[in-house]
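Please examine the structure shown below. The paragraphs that follow lead through a few of its features.

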Amino acid sequence: ATPTAVMVGTGVGAKNGILIKGAETLENAHKVKTIIFDKTGTLTHGAPVVTKISLFVPDATLFVEKLLCLVASAESNSEHPIANAIVNYVKSTLDVEITGKCEDFVSSSGMGVKCTLSHVQPMFSKAESSALVKECKTLNLNNGKVFMLNGASVDTVDLQCSSAQNDFNSSLIDVKADQSYKVLIGNRAWLKHNNITIPSVADYIMSVEEDLGHTAVLCAINGIIAAMLSVADTVKDEAHLTVYTLKKKGYSVVLLTGDNKKTAVAVARQVGINKVFAEVLPSHKATHVRNFQQEGIRVAMVGDGINDTPALAQADVGIAIASGTEIASASADVVLMRSDLLDVIGCLELSRKTVKRIR
Ligand code: ADP
Ligand code: MG
């Protein structure tokens, strides 16, 4: 029979926005030693915005909006926070309908997207486009141009273009409705998977953004690197206090993310976590949880996304943030209804007190 203490504990939890599914969870949570946090949408708000675009072309001014149109068309088929950031940015900056017919769309979770686009309407004439750019603040930096476009800085980078790159650039400046373009956007692993070589300058430009805690993705058009787009997410207000309190109570706190290592470390530093597993594919998040368990360590996993679902199920206690995806909440043992990270501590404390009353 379920002891009344468990019923009381569950009730207290519910009253405080901590939805605990089942008596077992409440009885197990106090045995947990390690708390693993997902990054995007869990420690951060998960609503990144575009902050920087680097174009690997000689004349960015004619090129930027056409490239953005291709990128946004491709990303409008994805529901990833990065995709949303890019689509919102393009819509608000250029104030145009995103056109283009997308075929053979592929989305690889934890890596990126690709598709073939046709019927892309050229959005601006040459004159209109240079007028648009003149409105922006222009600075000269390292002989490239830097200008601000709706909050994000846009610059050009000389990749010491090969002749193939030059041919491609001049053809792309006139995006034609009757032509089709292979558009690919994602992280280093995604480019490698598609046999696209990343020039060292592009790699360097990504790493500068990553050191700031931003997430950088590359865009290739017809197999050639055309741009870097960087998005920045913000850390939740209570993230640092949550980690600090957990550590003070003797828990080991870990960050587990699909994002780049540098980005992950920069965010971990902001919230006070010093154990980081980065560049972990969604399918491998659960493996990391299992590794802890095989060492006899009981684990709580805190996450929000579809990509966290297997890890939430594998953990001794899976804790989902209600503001995240429904599927994460469905596969977790605990749902934080207020989406407040401090409730992770509340949940563990509730378990400890409940078990004390049973004994
Ligand atoms: P997290 O563990 O932080 O929630 P994900 O596993 O969802 O991250 O994604 C990992 C990485 O895969 C992203 O940081 C990004 O580099 C790349 N990625 C995934 N989806 C997309 C997309 N739609 N567009 C561009 N890049 C993407
Ligand atoms: Mg997430």
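Lys 285 and Asp 38 are both buried, a word that here means under 20% relative accessible area, with exposed meaning over 50% and partly exposed the range in between (1.4 Å probe, protein chains only). The model is predicted, so local features need pLDDT of at least 70 and side-chain atom pairs count only at pLDDT 80 or more, whereas totals for chains, interfaces and linings use all residues. Residues are numbered from 1 along each chain as its sequence is written, chains are lettered from A and ligands numbered from 1 in the order in which they are written, and side-chain values use heavy atoms, leaving out hydrogens and water.

The side chains of Lys 285 and Asp 38 form a salt bridge, with N to O at 3.1 Å; the term denotes a side-chain nitrogen of Lys or Arg within 4 Å of a carboxyl oxygen of Asp or Glu. Because Lys 285 lies in helix α12 (residues 282-294) and Asp 38 in strand β2, the pair ties together parts that are 247 residues apart in sequence. Helices (H or I, at least four residues) and strands (E, at least two) are DSSP runs, numbered from the N terminus. Asp 38 and Lys 285 also belong, with Asp 308, to a network of salt bridges.
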